[in-house]
Amino acid sequence: MTARNTDGAGVVSALDRTAQVGFQSHFHRSATGLWSAPGRVNLIGEHTDYNDGFVLPLAIDRRTVVALASRTDRVVRVASSFAAETVEVSLDELVPENLVGWSAYPLGVAWALGQFGADLAVVPGFEVYIDSDVPVGAGLSSSAALESAVAVALNDVWGLDLDRATLARVGQLAENRVVGAPTGIMDQSASLLGQADAAVFLDCRSLAAEVIPLGLHPAGLELLIIDTRVSHSHATGGYAARRKSCEAGARALGVPALRDLSLDDLTRAQAMLDDETFRRVRHIVTENQRVLDTVQTLRSSGCTAIGPLLDASHRSMRDDFEISAPELDVAVDTARRAGAIGARMTGGGFGGAAIALTPTDRVPAVKAAVMAAFAERGFATPDLFVVHAADGAARDGGVRP
Ligand code: ADP
Ligand code: MG
């Protein structure tokens with residue numbers, strides 16, 4: 001992977017170059033700037049974001065690059081290596097109702113910037129070409145990578161001077177209002193605020209964010225992603241149902257959000273709630289505590305000591321929140337038995353990816369064991385790869401707008 005600086009003086013990566021070439025072939029001129037933003041993986045803190053709780057994601061060394069150049073008129077054209085068609089729209093027609101399909105992400109960001117102070121009546125149009133090595137739909141947030149890359153690019157080109165926390169809210173608004181996905185602020189925050197070899201500790205109520213060093217490399221640990229490549233059909237409905245249960249639990253217990261409960265409240269919760277709602281609540285309350293404990297453990301003892309918290313998080317998602325899947329459970333159990341020091345499913349659940357914190361010299365054995373376990377059960381072939389915590393969105397080196 002290419003080293004880069006957040007001030008944009010970084011080296012141009014191979015992906016930057018293919019984005020530049022893609023821009024040239026689509027728009028028959030050179031892009032005047034390259035910006036990129038990373039995907040993310042959540043180390044711990046699942047489904048806590050919409051409960052006003054805590055999350056601990058990290059930006060990863062898989063990025064989405066946008067090559068962009070302004071136009072002199074009001075036309076916007078977006079193209080991507082992922083899509084056959086180039087989508088064209090006028091800035092005068094940039095309203096959520098008009099935006100559909102993949103282009104709703106980049107165009108939704110342009111619209112959302114208008115909600116955060118950009119004067120869309122006067123800004124120039126632009127052409128953008130998107131390229132990426134963030135896998136789509138694997139739970140690594142290709143959507144936030146795309147939103148964040150476009151947000152930092154337009155922030156520069158339109159001279160908006162919005163800070164990163166605001167740009168995260170821009171991406172979230174685009175995803176909520178334009179794409180129509182009721183997601184929290186975690187993904188965009190990780191993509192915009194991440195730093196090399198560190199995680200982003202985010203309070204989803206106050207939006208306060210703190211960078212927490214991970215120290216994986218000095219500890220001889222790698223973060224292995226096991227993308228199961230399955231997405232179970234109840235993923236969307238399951239997510240909505242879990243949100244509903246959490247809201248019902250908070251209402252019944254008389255708190256604004258489950259964030260406001262502590263472990264001490266669980267006895268009262270158990271007495272008041274039906275068993276299923278109680279278990280949903282218990283996951284959120286214990287998971288919030290596990291995020292706090294992970295941050296504390298990273299600070300006091302380092303990353304070699306967080307394994308049991310990852311394991312406990314997985315059990316809670318499997319048994320209490322019931323968002324795991326057979327593939328995820330096999331991935332986690334197999335990785336642990338083959339030498340990972342902690343493992344859990346990550347992301348919304350019902351498929352997607354698991355993470356396994358693995359000593360570097362055990363990575364080949366863990367990979368081989370997971371491949372064999374999946375083959376034995378007739379599961380789809382998983383994709384296994386190591387990620388490193390990387391810097392957040394940046395203007396990439398080489399060309400300037
Ligand atoms: P993920 O977990 O990867 O974020 P989502 O369903 O939230 O999955 O977002 C994936 C969607 O984002 C894709 O279906 C596509 O519409 C859009 N997207 C992501 N990356 C790209 C890209 N490089 N080019 C075009 N569209 C993209
Ligand atoms: Mg997404």
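**Buried arginine and aromatic pairs in a predicted model**

Colleague: With which residue does the side chain of R344 make a polar contact?

Modeller: This is a predicted model, in which local features need pLDDT of at least 70 and side-chain atom pairs count only at pLDDT 80 or more. Residues are numbered from 1 along each chain as its sequence is written, and side-chain values use heavy atoms. A polar contact is a pair of N or O atoms within 3.5 Å, where within protein one must be able to donate a hydrogen and the other to accept it, and residues adjacent in sequence count only if both atoms are side-chain atoms. At 2.6 Å, the partner of the R344 side chain is the side chain of E46.

Colleague: Is R344 buried or exposed?

Modeller: R344 belongs to strand β9, residues 342–346, a strand being a DSSP run (E, at least two residues) numbered from the N terminus. Buried means under 20% relative accessible area, exposed over 50% and partly exposed in between (1.4 Å probe, protein chains only). Because its relative accessible area is 0%, R344 is buried.

Colleague: How many aromatic pairs are there?

Modeller: Rings of Phe, Tyr and Trp (its six-membered ring) pair if their centres lie within 6.5 Å; planes under 30 degrees apart count as stacked, over 60 as edge-to-face and the rest as tilted. By this rule, the count is 5.

Colleague: What kind of pair do F374 and F379 form?

Modeller: F374 is buried at 1% relative accessibility, whereas F379 is partly exposed at 21%. Their ring centres lie 5.2 Å apart with the planes at 85°, so the pair is edge-to-face.

Note on methods:
Chains lettered and ligands numbered in written order. Helix = DSSP H or I, 4+ residues; strand = E, 2+ residues; numbered from the N terminus.
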